[in-house]
Amino acid sequence: MSQETYDLVVIGSGPGGYVAAIRAAQLGMRTACVEKDPTLGGTCLNVGCIPSKALLESSERFAAARLHSAEHGIKISGVELDLPTMLGRKDKVVKQLTGGVAGLFRKHKITWAKGLGKIVAPGKVEVRGETTEVLETKRILIATGSVPATIPGVAFDGDRIGHSTHALSYPAVPEHLIVIGAGVIGLELGSVWARLGAKVTVLEYLPALLPMMDPDVSKVAAKVFAKQGLDIRLGVKVTGATRKGDVVDVTYTAPDGQTQTLPGDRVLVAVGRKPTTEGLGAEAVGVQLDRRGFIQVDAHYATAVPGIWAIGDVIPGPMLAHKAEEEGIAAVEHMAGLPGHVNYDAIPNIIYTHPEIASVGKTEPELKQAGVPFKKGSFPFLANARAKALGETDGLVKILAHAETDRVLGVHIIGPRAGDLIAEAAVAIEFSASAEDIARSVHAHPTLSEVVKEAALDAGGRVINI
C-alpha cells in the first residue's frame, strides 16, 4: 500500500461504506476503504440481508412445492429437502455479490486497505492486517455498522445458542427452534426454519407484535404467522438459557408472572443490534458517543471532531442498509460542497416474511400523537385479480393522507411483493404527492400495484373494486 495522502478513508465496507467510497471516487477523491473481513460488503452482503433473503426464497419454494402445488394442478410426490445444496446456493449468491463489490473498487480505483481500522489521530487511520500501516487522509468516514445484541442470562456459545449469523448455516433443521425476539430478524429466520420443518417458538418481551408497524398491518401479520404455525408468545421476559448437551432450556417470565421453562435444540437470539465502535479509537480522539454507544453527528453526519464523519448503523436511527447507503452518499457529497440530503420520512422499511410487510412514512398512532389531521384508505389483496391468480390474497394496502391537503403521509402494506410495491409510495412521499395523484395515475391491469391505487381511491371515498 502506498504512503500517499488520501482525500477520504472509509472505515467499513458495508452498504454505507462501499457506496460512500464509490461516490467519493466519482467526485474525484482519492479514496481508501478499510475492511477487516476477508471479503467486502459488511454484515449485509456476507451474513445479513443477502444470505437471509436467499434462504427465504429457497424455503418459500420448498413450502410451495410441498403444500401448494396441487391447487395449481401440479402433482408432486416425494418432495425432499436437500439442505446442503440450499445452503450452498446461499453461499454462491453471497460470493457473487461480494466479488462484485471488489470489482467496483477496482473499476473506481479505490484502495482496499485490508485489516482492522483504528483512528489514532484526526487524519490518521491505523490498519492492522498482515502488516501494520498508518494511512494519512484529509477526511475519515466511520461506517463500521453493528453487531448482534444479547440479553442478560443468555450467552452465545456459537452452536446451540447463537445469533443471526449462526442461524444462516445450521447443519440440520432444528426440531425445536426458540427465537428470542419477534423483530425483523427473528421473524424472517424463524419463518425460514419453520418452512423447512422446524417447530418454532418466538418469545417477545413487548406486549404487541411489530409495534413499529401500523396496527392494522400488525393485526393481519399476527393472524398470518399463527396460521403458518409460528408460536409467538408476547409480553414475556427471557431470564436465562442453559445448555444441557444438545438441549437448551430457556427460562422466561410469562405475563401472569409465572416462571416457565421451554426446551429446544437451537436458540436464536434476535433482540436487535448494537453499534460497532469497540477498538475504533473514536472516543480517544474526541468523537462523542451517547449512552447506547451511538456516535453523535450533526445534520451532515459530521462528528464533533473536524474531518471525521459517521453514517449507518453506528449513528442513531433505523438500522437499514439502504439508509446507510443514502447517508454515505449525502455525507460524501457534503464533503465535496454539494447539497447532500436524506429525507427520513421517505425511507421504506421491509420485513421479508411471507407475505412481505413494508411501510414508509408515518403510522396512524404517530399521526394521532402529533395531532396531525388525516384520512385513510385501504384495500385488500383478496379483491385483486393478480393476487387471486397468484394464490396470494392475504393482506392489504393502507394509505394515510393529510385531511386538508391530501398529501401522502404514510403507506403500509402486508401482502405479496410488498417490498417492491412500497417503492411507489416512497417516491410519492419524496415528491410530496397527494393520494389523488396516486389514484389518478394509471396502474396496469392486472397487477398487484392496483391495490395501491385502490387504497388511494378509498382515501378519497371512491374505491372501485370493492
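**Exercise 1.** In what handedness of crossing does helix 3 pass helix 6?

*Solution.* The model is predicted, so local features need pLDDT of at least 70 and side-chain atom pairs count only at pLDDT 80 or more, while totals for chains, interfaces and linings use all residues. Residues are numbered from 1 along each chain, and side-chain values use heavy atoms, without hydrogens and water.

Step 1. The axes (lines fitted to C-alpha atoms over the stretch in contact) of helix 3 (residues 49–67) and helix 6 come within 9 Å and cross at roughly 35 degrees.

Step 2. The crossing is left-handed, meaning that the near helix is turned anticlockwise from the far one by less than a right angle.

Step 3. Contact (heavy atoms within 4.5 Å) involves residues including L55, L56 and F62 of helix 3 and L189 and V192 of helix 6. By class, there are 6 nonpolar, 2 polar and 5 charged residues.

**Exercise 2.** Determine how the rings of Y170 and W193 are arranged.

*Solution.* Step 1. A search of the whole structure gives 1 aromatic pair (centres within 6.5 Å).

Step 2. The ring centres of Y170 and W193 are 5.2 Å apart and the planes stand at 45 degrees, so the pair is tilted; planes under 30 degrees apart would count as stacked and over 60 as edge-to-face.

Step 3. Y170 lies in the loop between helix 5 (164–167) and strand 11 (176–180), and W193 in helix 6 (residues 184–195), 23 residues apart.

Step 4. Both Y170 and W193 are buried (under 20% relative accessible area).

Terms used:
Phe/Tyr/Trp six-rings, centres within 6.5 Å; stacked < 30°, edge-to-face > 60°. Helix = DSSP H or I, 4+ residues; strand = E, 2+ residues; numbered from the N terminus. Buried < 20%, exposed > 50% of the residue type's maximum accessible area, 1.4 Å probe, protein only. Axes fitted to C-alpha atoms, helices over the stretch in contact; angles between N-to-C directions. Nonpolar A, V, L, I, M, F, W, Y, C, P; charged D, E, K, R; others polar.
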